[in-house]
Amino acid sequence: MGKIILVRHGESKLNTEGVYYGVLDPELTEKGKEQAEKTREILKNINYEKIYASDLRRAIDTAEIVNYKKLEILIDQELRELNFGIFEGHSYKELLDKYPEELKKSQSNWENYNYITGESVLELQKRAINFIEKKVDLDGTTVLVTHWGVINTILSHYFSNGLESYWKFSVENGGIVIIEFSEGYPILKGLNIGG
């Protein structure tokens, strides 16, 4: 039986500011580093063979902290957060003023809306699942240090065969999700551990 261990990065400086951000690249806060330390202690109970991280600083820094085995961290852009395009760095209130029509479109067609210069949640899901199918051995144990959107698209893919359950999971910063595979069949073994 293999496992995918999904770890959400620790709190970053932009998590505290209430803005849309995916590809912006803030550092971890002190709280985020503490969350990663806590996650590291939990991961010590798991014998993983590989660890991947998104190429964004908050994920790489988290991976460096949680990687108790000191394995090479494999950096991969496919594990990046959703690109919010023109929404990046703006609060909801700012978007109401600056892009009210685009904000409406993003809410009414959230699966397919691509933020004009970004990507849609559906595109993010295809990217994340493509990464797993190409690079993750489902008979082994692999840690993926990534982002809320990536984790939720993966969970939704395996547990609702699409995006139906995308908004039904809440993984906190530093939280761990465990998906176990038995003969290729996914089983949710843990959600938001430590987060």
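Predicted model: local features only at pLDDT ≥ 70, side-chain atom pairs only at ≥ 80, totals over all residues.
## Helices α1 and α2

Helix α1 covers residues 30–43 and helix α2 covers residues 57–66; their axes come within 8 Å and cross at roughly 45°. Angles of 65 to 115 degrees count as roughly perpendicular and those under 35 as roughly parallel, and α1 and α2 are therefore oblique to each other. The crossing of this pair is right-handed.

## Helices α5 and α6

The next pair to visit is α5 and α6. Helix α5 spans residues 121–135, and its axis lies 9 Å from that of α6, with the two packing at an angle of about 75°. Since the roughly perpendicular range runs from 65 to 115 degrees, α5 and α6 are therefore roughly perpendicular to each other.

From α5, the contact takes in V121, L124, Q125, A128, I129 and I132, while α6 supplies G149, V150, T153, I154, S156, H157 and Y158. Eight of the residues in the contact of α5 with α6 are nonpolar and five are polar, and there are no charged residues.

## The largest pocket

The largest pocket has a volume of about 420 Å³. Its lining is made up of 20 residues, and those nearest the centre are Y20, F84, W148, Y166 and W167. Two elements, α4 (100–108) and α6 (148–160), each give two or more residues to this lining. The largest share is that of α4, with three residues.

What classes of residue make up the lining of the largest pocket? There are 11 nonpolar residues, along with six polar and three charged.

## N192 in strand β6

Our last stop is a single residue. N192 is part of strand β6, which runs over residues 185–193. Leaving aside residues up to four places away in sequence, N192 touches S170, V171, E172, G175, I176 and V177. N173 makes a handy distance check here: N192 and N173 are 19 residues apart in sequence, and their C-alpha atoms are 9.0 Å apart in space.

How values were computed:
Residues numbered from 1 in each chain as written. Heavy atoms only, no water. Axes fitted to C-alpha atoms, helices over the stretch in contact; angles between N-to-C directions. Helix = DSSP H or I, 4+ residues; strand = E, 2+ residues; numbered from the N terminus. Parallel < 35°, antiparallel > 145°, perpendicular 65-115°, else oblique. Left-handed = near helix turned anticlockwise from the far one by under 90°. 1 Å grid on protein atoms, 1.4 Å probe; cavity = no way out; pocket = protein on both sides within 12 Å on 5 of 7 lines; lining within 4 Å. Points joined across faces, edges and corners; volume = space filled by probe spheres on them. Nonpolar A, V, L, I, M, F, W, Y, C, P; charged D, E, K, R; others polar. Contact = heavy atoms within 4.5 Å.
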